[in-house]
There are 2 protein chains.
Amino acid sequence: MPDHKLDVLGVGNAIVDVLAKADDTLLKTHDIPKGGMILIDEEQATKIYADMAAAVEISGGSAANSIACVASLGGKGGFVGKVADDALGEVFRHDLRAMGVEFDTKPMPDGPGTGRCLVNVTPDAQRSMSTYLGAAGFVTPDDIDPAQIKRAEITFFEGYLFEQPDARDGFLHACEVARDNGKRTALTLSDASVVERQFEVLHDFIGARVDILLANEDEAKALFETDDIDAAIEKARGLCPLTAITMSEKGSVLIPLDGDTVKVDAIGPDQLQDTTGAGDAYAAGLLFGLAKGADLAKAGGLGSLCASEVISHFGARPAQSLKALASNAGLL
Amino acid sequence: MPDHKLDVLGVGNAIVDVLAKADDTLLKTHDIPKGGMILIDEEQATKIYADMAAAVEISGGSAANSIACVASLGGKGGFVGKVADDALGEVFRHDLRAMGVEFDTKPMPDGPGTGRCLVNVTPDAQRSMSTYLGAAGFVTPDDIDPAQIKRAEITFFEGYLFEQPDARDGFLHACEVARDNGKRTALTLSDASVVERQFEVLHDFIGARVDILLANEDEAKALFETDDIDAAIEKARGLCPLTAITMSEKGSVLIPLDGDTVKVDAIGPDQLQDTTGAGDAYAAGLLFGLAKGADLAKAGGLGSLCASEVISHFGARPAQSLKALASNAGLL
């Protein structure tokens with residue numbers, strides 16, 4: 001058994017992204033909301049894929065993308081997520097391990113294949129995601145290794161997976177282990193629709209068990225039932241020890257339980273190519289910074305820096321060494 | 001059964017490329033010659049992949065890349081090649097069909113998985129390829145459908161596949177069908193090492209059955225046993241009805257059995273990103289032009305245009321509509 005410390009341990013969907021160019025007709029034909037994420041079943045996945053253009057496959061998954069960024073920052077990351085025992089599962093595992101991420105969740109021996117996110121990119125540069133969870137939805141409490149949770153400074157959950165009852169039980173179990181061992185937990189809300197569907201259980205879960213909450217503007221508005229982002233920021237104080245609300249090019253705000261709200265500037269990329277993964281990257285920088293004991297301003301700055309790199313190219317995982325970039329920027 | 005005409009039918013390796021950044025140490029550790037292509041077995045593939053960085057998967061295969069370019073030019077392309085009945089095989093099939101390519105070769109029901117080309121890109125922008133053929137090497141004469149060959153203006157063979165005895169028998173069978181029906185055959189030599197290993201059978205095959213031969217400088221030198229490219233060009237005349245020799249930024253020469261040699265200029269890309277697939281793309285333009293009855297200069301110009309597009313970005317398949325580019329350039 002490994003006994004080294006982990007900076008951040010992610011628990012989320014083990015997904016391979018399938019990226020292709022598309023026109024609006026494809027979105028309409030298959031009822032895919034532009035810019036959003038919908039869950040689809042295998043039959044829908046087969047139909048949408050059949051209509052998609054030639055594609056590129058690249059490992060994805062929200063929390064897994066974050067952990068890839070933690071590794072690129074020079075941190076020690078771990079991941080818990082479910083793949084099938086198939087070629088795409090091998091691809092997903094390889095790509096995390098190749099970055100030095102600890103990933104030991106046993107693959108599903110049979111049942112559905114490894115999860116896929118069909119990403120259709122329209123000419124307006126918007127990305128519309130249709131996710132077939134496949135094996136990814138089958139994370140259970142048995143996949144949570146208490147010894148691994150104890151080694152992690154922060155255990156980070158992906159909201160998408162919160163909708164799977166077994167995975168949610170796994171979250172609860174992991175939170176108990178973390179809290180009992182003086183470690184912190186973090187949650188990203190993932191999507192406003194997740195917040196709407198899971199409103200009450202999410203509020204209870206966050207209030208009782210989450211130390212660091214991450215939300216973008218839409219998710220924050222949904223969670224705090226307001227159309228006014230300033231009102232959402234106001235309401236955020238008190239729900240949990242720290243809430244981070246990201247607002248794209250307007251930067252982010254960090255709202256601690258005690259102490260002043262910290263505003264963090266966004267860092268403009270040299271060239272904006274693709275905003276996919278911006279939130280995942282921000283989460284990585286913030287959580288890695290906090291795991292290492294940085295103050296809020298510095299941890300938020302690391303988040304902005306990671307997001308800036310990831311949106312400067314296609315794909316949601318870093319293309320350059322985030323450690324080198326952060327070091328050059330005086331953040332590490 | 002479909003009864004429409006095909007401009008070009010490719011027969012080659014059905015391969016998914018696995019692209020990752022690498023350093024020279026990885027090449028040395030695994031005896032991978034820089035800039036070349038080696039065939040590896042499954043055990044070697046597992047070892048090399050384990051040492052590779054996080055990667056991107058994209059459909060490849062030399063002749064398949066060419067046929068993707070033919071489709072992008074607005075031509076009707078077909079492909080014959082063997083995948084396994086697995087997720088990567090589905091990816092390969094989808095990506096060709098999504099471009100409108102006819103691809104009906106039955107997958108292997110069991111045995112090795114779909115072939116993979118491990119592409120390691122070093123900081124000097126060189127690409128070193130290690131190919132595990134897997135199912136791709138199992139093309140047999142049974143996979144050649146005479147009715148499909150008859151519908152194809154040009155049937156195009158990939159030299160890499162010439163090294164598989166069953167596939168070579170398939171080539172011979174296809175050539176007979178094509179010739180008997182007044183159709184043309186084309187062959188790309190693929191790699192100088194293929195020429196060296198298959199020297200005598202290749203000469204016999206080309207002299208007896210090939211109408212259009214494609215070679216780069218190294219392959220031409222190997223085939224004509226000279227270190228002088230001008231001597232190779234001189235010797236090329238007479239081997240088969242048309243030989244095209246590509247010389248990177250120096251352009252290409254088209255050497256017909258009768259008539260003058262035609263020199264074709266290369267077209268510089270806006271930005272040279274990645275030379276992988278340049279030869280495949282050139283072949284597509286040349287063969288599509290010839291299938292459509294263009295003269296040598298125009299067909300060669302189409303080849304240069306296709307190569308120029310493909311080297312202006314990462315990946316060996318076209319990112320823009322080659323039809324639109326060729327139309328703007330007055331070549332279509």
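User: Strand 4 of chain A and strand 4 of chain B: in which sense do they pair, and over how many bridges?
Analyst: This is a predicted model. In it, strand 4 of chain A (residues 56-59) pairs with strand 4 of chain B in the antiparallel sense, over three bridges.

User: Which residue is the bridge partner of A:Val56?
Analyst: B:Ile58, in strand 4 of chain B.

User: What's the strand order in the open sheet?
Analyst: The order is 3(A)-8(A)-7(A)-2(A)-4(A)-4(B)-2(B)-7(B)-8(B)-3(B). That is 10 strands, with mixed pairing.

User: By how much are neighbouring strands turned against each other?
Analyst: By 25° on average, direction ignored.

User: Now the chain contact. How many residues does it take from chain B and from chain A?
Analyst: 19 residues from chain B and 19 residues from chain A. On the chain B side, strand 4 (56-59) and helix 4 (87-98) are the elements that give two or more residues. Helix 4 of chain B gives the most, with six residues.

User: And that side by class?
Analyst: The side of chain B that touches chain A has 12 nonpolar, three polar and four charged residues.

User: What rotation and shift superpose chain B on chain A?
Analyst: A rotation of 180° with 0.0 Å of shift along the axis, at an RMSD of 0.0 Å. That is the relation of a two-fold axis. In chain B, the C-alpha of B:Glu57 is nearest the axis, 2.5 Å from it. Both copies use the same surface: 100% of the contact residues of chain B recur in chain A.

User: Switching to helices. At what angle do helix 11 and helix 12 of chain A cross?
Analyst: Roughly 150°, and the axes of helix 11 (residues 278-291) and helix 12 (residues 296-310) of chain A come within 7 Å. The two helices are therefore roughly antiparallel to each other. The crossing is right-handed.

User: Which residues meet there?
Analyst: From helix 11 of chain A, they include A:Ala281, A:Gly285 and A:Phe288. From helix 12 of chain A, they include A:Leu302, A:Leu305 and A:Cys306. By class, this contact has 14 nonpolar, five polar and two charged residues.

User: Helix 3 and helix 11 of chain B: what's the crossing angle?
Analyst: Roughly 50°. The axes of helix 3 (residues 62-72) and helix 11 (residues 278-291) of chain B come within 8 Å. That makes helix 3 of chain B oblique to helix 11 of chain B.

User: Left-handed or right-handed?
Analyst: The crossing of helix 3 and helix 11 of chain B is right-handed.

User: Which residues of helix 3 meet helix 11 in chain B?
Analyst: B:Ser62, B:Asn65, B:Ser66, B:Cys69 and B:Val70. They meet residues of helix 11 of chain B including B:Asp280, B:Ala284 and B:Phe288. By class, the contact has six nonpolar, four polar and one charged residues.

Notes. Residues are numbered from 1 along each chain as its sequence is written. Chains are lettered from A and ligands numbered from 1 in the order in which they are written. This is a predicted model: local features need pLDDT of at least 70, side-chain atom pairs count only at pLDDT 80 or more; totals for chains, interfaces and linings use all residues. Axes are lines fitted to C-alpha atoms, for helices over the stretch in contact, and angles run from 0 to 180 degrees between N-to-C directions. Helices (H or I, at least four residues) and strands (E, at least two) are DSSP runs, numbered from the N terminus. Angles under 35 degrees count as roughly parallel, over 145 as roughly antiparallel, 65 to 115 as roughly perpendicular and the rest as oblique. A crossing is left-handed if the near helix is turned anticlockwise from the far one by less than a right angle, and right-handed if clockwise. Two residues are in contact if their C-beta atoms, placed from the backbone, lie within 7 Å. Ala, Val, Leu, Ile, Met, Phe, Trp, Tyr, Cys and Pro count as nonpolar, Asp, Glu, Lys and Arg as charged, and the others, Gly among them, as polar. Copies are superposed by least squares on the C-alpha atoms of residues with pLDDT of at least 70 in both. Two strands pair if DSSP finds at least two bridges between them.
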